[in-house]
Amino acid sequence: MHPTHPHLPEGMRTGDERMDSTHDGFMDLMQALRDTPPTERLPAYDALVRHTEAHFAQEEQWMAELGLPPQNCHAGQHANVLETLHEVGKRARQGDLGLIERMLDALDEWFALHVVAMDSALADALRAHAAAQPEAARSRSSVLSTLP
């Protein structure tokens, strides 16, 4: 394991420190949710959803700054996952707490594929974009902003 990203396996690192830190935080929140007793999971689930919303919004901002259309496959995956997360939260609040465990299992599988297929490509595009800009523009670019 990489000391900066203790929960992010080698094959899931994009090489973009901002993105990898966000992903490591995502994995931390998923583990915290798993470690919480099922009847007490809603606050931890809500924290994961909030983090995921901010995480996806940041990536979509980077995509927009790279000139990608808002209706792209990467953003489409984000929208689908968020829709599912919101529906699971709604149903969990209605008493179906078992859905959270199933969501975690599905999210684990999806996330590993998404990072390799989508986020790594975004990280490569961000690096190429940054390398193509003059130094003064790079220091001002919001593409280099970080997730709060």
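Residues are numbered from 1 along each chain as its sequence is written, and side-chain values use heavy atoms, with hydrogens and water left out. Because the model is predicted, local features need pLDDT of at least 70 and side-chain atom pairs count only at pLDDT 80 or more, whereas totals for chains, interfaces and linings use all residues.

The protein chain contains five helices and zero strands, where helices (H or I, at least four residues) and strands (E, at least two) are DSSP runs numbered from the N terminus. Along the sequence the pattern is α-α-α-α-α. Of its 148 residues, 41% count as buried, that is, under 20% relative accessible area, with exposed meaning over 50% and partly exposed in between (1.4 Å probe, protein chains only). Contact denotes heavy atoms within 4.5 Å; among contacts between residues at least 6 apart in sequence, 64% join residues at least 24 apart.

A nonpolar core is a set of buried Ala, Val, Leu, Ile, Met, Phe, Trp, Tyr and Cys residues joined through side-chain atoms within 4.5 Å. The largest such core has 22 residues, of which Leu33, Tyr45, Leu48, Leu85, Ile100 and Leu107 touch the most other members. At least two residues of this core come from each of helix 1 (17–35), helix 2 (42–65), helix 3 (73–93) and helix 4 (98–132); helix 4 gives the most, with eight residues. Beyond its neighbours within four places in sequence, Leu48 is in contact with Phe26, Leu29, Met30, Leu33, Leu104 and Leu107. A second, separate core of six residues includes Met19, Trp62, Leu122 and Ala123.

The axes of helix 1 and helix 4 come within 11 Å and cross at roughly 175°; axes are lines fitted to C-alpha atoms, for helices over the stretch in contact, with angles from 0 to 180 degrees between N-to-C directions. Helix 1 is therefore roughly antiparallel to helix 4 (angles over 145 degrees). Residues making the contact include Phe26 and Met30 of helix 1 and Leu104 and Phe111 of helix 4.

Arg41 lies in the loop between helix 1 and helix 2 and counts as buried because its relative accessibility is 5%. Arg41 and Ile100 are 59 residues apart in sequence and 8.1 Å apart in space, C-alpha to C-alpha. The side chains of Arg41 and Glu101 are joined by a polar contact of 2.8 Å (a pair of N or O atoms within 3.5 Å; within protein, one must be able to donate a hydrogen and the other to accept it, and residues adjacent in sequence count only if both atoms are side-chain atoms). A polar atom of the Arg41 side chain also lies 3.2 Å from the backbone oxygen of Arg34.

Conventions. Angles under 35 degrees count as roughly parallel, over 145 as roughly antiparallel, 65 to 115 as roughly perpendicular and the rest as oblique.
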